[in-house]
Amino acid sequence: MKKIKTIIMLMMLAAVLIPAVTAQTAFPQIVVTLLNQEPDPVPPGNPVDVRFRIENEQGSPANDVEARLVMAYPLSIYGTDENEKALGSIAVSSTSSDLGVVEEWTIFVDPNAAAGEYPIEFWYRIGIGTWTKAGEFDLRVR
């Protein structure tokens with residue numbers, strides 16, 4: 001009788017835990033990679049193009065994705081470019097060869113900038129959700 005009670009308790013516990021684990025993987029998992037900066041390194045006083053790959057590695061499609069770059073002096077958004085962009089929907093990447101979404105920003109480096117590496121933060125949100133920091137990437141200035 002004790003074995004039967006133990007088995008029933010384990011089955012009930014499994015019935016509660018398995019859906020909880022499955023529900024966690026139903027959410028999109030956004031991964032961001034800095035593909036390149038052009039030119040590399042960028043001389044002070046010049047614009048530089050930075051390209052990011054944004055992928056959804058698991059769960060359901062990510063709809064209404066927005067991205068934002070956050071940076072400090074000596075970096076700023078160049079010209080008419082904006083630090084926030086609407087990326088649309090990002091499907092789940094089914095293979096490692098899927099590219100996801102590639103997005104480019106043009107950044108200006110102040111003419112008085114010292115040589116070095118300056119951080120750029122990449123933030124995203126899905127729908128009207130909260131902004132999430134996906135990573136911090138270094139821009140090389142020389």
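This is a predicted model: local features need pLDDT of at least 70, side-chain atom pairs count only at pLDDT 80 or more; totals for chains, interfaces and linings use all residues.
How many residues lie between β7 and β8 in their hairpin, and which glycine in the turn has a positive phi?

Stop 1: Select β7 (116-126) and β8 (132-141). The hairpin they form has five residues between the strands, and glycine 127, in the turn, has a positive phi of about 65°. The two strands run antiparallel and are joined by nine bridges. For one of these pairings, pick phenylalanine 122, whose bridge partner in β8 is glycine 135.

**Stop 2: the other pairing of β7.** Click on methionine 71 and look across to β7, where isoleucine 120 stands opposite.

**Stop 3: the core.** Now select Val50, Phe52, Ile54, Leu69, Val109, Phe122 and Leu139. These residues have the most contacts inside the largest nonpolar core, which numbers 26 residues.

**Stop 4: lysine 85.** Move to strand β5, where lysine 85 lies. Is this lysine buried or exposed? Lysine 85 counts as buried because its relative accessibility is 16%, below the 20% cut-off. Show its side chain: there is a polar contact with the side chain of aspartate 81 at 3.4 Å, and another with the side chain of glutamate 103 at 3.5 Å. Leaving aside neighbours within four places in sequence, the residues in contact with lysine 85 are Val65, Glu66, Ala67, Glu103, Glu104 and Trp105.

Methods. Residues are numbered from 1 along each chain as its sequence is written. Side-chain values use heavy atoms; hydrogens and water are left out. A nonpolar core is a set of buried Ala, Val, Leu, Ile, Met, Phe, Trp, Tyr and Cys residues joined through side-chain atoms within 4.5 Å. Buried means under 20% relative accessible area, exposed over 50%, partly exposed in between (1.4 Å probe, protein chains only). Helices (H or I, at least four residues) and strands (E, at least two) are DSSP runs, numbered from the N terminus. A polar contact is a pair of N or O atoms within 3.5 Å; within protein, one must be able to donate a hydrogen and the other to accept it, and residues adjacent in sequence count only if both atoms are side-chain atoms. Contact means heavy atoms within 4.5 Å. Two strands pair if DSSP finds at least two bridges between them.
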